Amino acid sequence: MKRWICLLLAAVLSLSLTACGAPKTETLDIFAMDTYMSLVAVGDGAFDVLQRSSNEINTLEQKLSRTIETSDVARLNANGSAVLDEGTAELLRRALRYSEETGGAFDMTIAPLVELWGITTEHPRVPTREEIDALLPLVGTEHVHLDGLNVSLDEGCTIDLGGIAKGYASDCVAALFAASDLTGGFASLGGNVYVHGVTADGQPWKVAIQDPQKTGAYACTLHLSGAFVVTSGGYQRNFTGPDGTVYQHIIDPATGYPAVSDLLSVSVITYGAADGQGTRADAYSTALYVMGEEAAVDFWRQNSAAFDMVLVTADGRVLYTPGLKDCFDETEGSGYVYQPLAA
Amino acid sequence: MSTNPSRPELKWNRYDAIVATLVVLLAVAVALWFYLPKLQSGETTVVISAGGQETERVRLSDFSGTTVTCNGYTLQIDADGDGVWVSHSDCPTQDCVHTGHITRAGQSIVCLPAQIIIHLEGAANDGPDVIVG
Amino acid sequence: MTDMKWTTKNIALCAVLTALALGLSTLENMFPVSLAVPLPGVKLGLANIVTVFALYELGAVPALVILFARCGLGSLFAGNVSALLFSMLGGLCAMLVMIGLKHCRKLSIYGVSIGGAAAHNIGQMAAAIITLGNTMVLGYLPFLLAVSLITGTLTGFVAALLFRAMAHVTLSH
């Protein structure tokens, strides 16, 4: 009798134990690429995947940062030419393609103007019209000559991959996640988010888009899996000039001045861990912000198969594309008027 | 015809009670294993990390503030039981001070120059998993 | 219990019991307990009466054969394969535990039946975890186990009635 009860108990317990093995969640916070990054992984080998992701991000920063003297980008800017490795060359190819697609609203050759305004430094300043006009002719992808792994820049032209480096990093993390045994996870790389699989509760990830007008509040929430969300907005980083004008950090390649947009923020959503969707989302979000509402909506209509988006306008509307209809939660009491866009 | 010798007892007895008790015990064990961790993490917790290292983990209701120095900058963190905020910082960007109060699980204050993160952790809540922007 | 011989009569007996089990499953699907107790997968487990009966009257092997036939045909009728995994894992767990408990001669039909009902729920839970790929459903297990005490007692009671009614009838030879 006792023997059998023991056996039963052991059998039942071992059954429940093998069935359990609650999914392991690991988190990792890192400071890289001039921003705060948070990585979360759920499932087998979570810690290992996060370590490799972190290493990958640091390696990328060493290659792509404009301010690290030994980086590929810094050497190219200093010497006017360079031989790149395949990864960096591919990123440059994509940057050129996105510039073309967005009619120059995204442009990596904006670097001389970024430097002039001191946007990313601790001491930004408002340059004179003459200073800006002198540098504007250097902006344009026609100054970048890429042939295989060889790249050269026209005299005075420099490049800044800051607009897509984090998107590219999120692509690399997405690839590591996709090749792993993780059941879920996300990478939040300063305005660039990639969500993989499902949460430990088996649900799609809830990605909240920051309310540009109110810290700690959200404009909306998206339920996503296997997707990139990249938000660009003037509210993220800006400075106030001596006359009280607020200058934000995204420079319009057409004018050389910080973009004056009728949008407060643009979030671009792309899908799938392959094909550089994170880089695309990063480039598009910057470009659409510079374009403004009307041109952004036109651009989406022409490329509606490629991405979804959420626009927060300065006059208090939140516009979203119909592809998000089933995963879009409005924020109650946010004061925004929510409008789905017509295809 | 005779009764089949393999036929069981048909009256409830104390040995049946043992089986029933075992089932109850198993139910309680699974319930404890599954629900206890959730109950324990029910309270909002303040987690402070500096330079990638967790330096403090306190329940929000027990947290009265602290001073953290990292990367050459010092942050004065204050709390009133309901929320946490950075009242003073000598960092150049002052983003941490401008973030203001955080009160809900999932929210955080990040100081990039000092590499200090103040994060509110909590139990299963309705809040988002990740915030972009 | 001696091993049952696979005579025509006994094969026919197995077929009748399988049909009975299928009938009981269908019957209880028509009056779902889950309406009264809002838990996924809650069932009276009437078909378990047949399993208990077959186990004692015919032995473990015929009882297993009836179980397989019942699960296979049942999911065929319902037309879904994931139901097969659920009923098979649940039924197998219940069967194995009851075979074990049957050896404790001091246990009455109630103890065996309760053990079987609890094991049935554990097996179904395992199926749910396999199908859903996450362990969140385990939160239901304590409640399902509690319910299995009641359903196990109930099926034990019905089985006891059955054995009493058949006290002087021998089915297999």
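Analyst: In this predicted model, 24 residues of chain B are in contact with 34 residues of chain A, contact being heavy atoms within 4.5 Å. Together the two chains bury about 2,500 Å², of which 72% lies on carbon and sulfur atoms; buried area is the accessible area (1.4 Å probe) that two parts lose on being put together, summed over both. B:Asp129, B:Val130 and B:Val132 supply 26% of what chain B buries against chain A, more than any other three residues.

Some conventions apply throughout. Residues are numbered from 1 along each chain as its sequence is written, while chains are lettered from A and ligands numbered from 1 in the order in which they are written. Local features need pLDDT of at least 70 and side-chain atom pairs pLDDT 80 or more, whereas totals for chains, interfaces and linings use all residues, and side-chain values use heavy atoms, without hydrogens and water.

Of the 343 residues in chain A, 55% are buried, that is, under 20% relative accessible area with a 1.4 Å probe and protein chains only (exposed is over 50%, partly exposed in between). Helix α7 of chain A, residues 162-178, has 13 of its 17 residues buried. Its first and last C-alpha atoms are 25 Å apart, close to the expected 24 Å, which is 1.5 Å times one less than the number of residues.

Chain B also contains an open sheet of three strands in the order β3-β4-β5, with antiparallel pairing; strands pair if DSSP finds at least two bridges between them. In chain B, β3 (66-70) and β5 (84-89) stand at the edges, each with a single partner, so one side of each lacks a neighbour in the sheet. The twist averages 30 degrees from one strand to the next, using lines fitted to C-alpha atoms and angles from 0 to 180 degrees between N-to-C directions. Five bridges join β3(B) to β4(B), residues 73-79, and B:Val68 has B:Leu75 as its bridge partner.

Finally, the structure holds zero disulfides over all chains, a disulfide being a pair of cysteine sulfur atoms within 2.5 Å. The sulfur of B:Cys96 has its closest cysteine sulfur in B:Cys111, at 3.8 Å, too far for a bond. B:Cys96 is buried, with a relative accessible area of 0%.

Note on methods
Helices (H or I, at least four residues) and strands (E, at least two) are DSSP runs, numbered from the N terminus.
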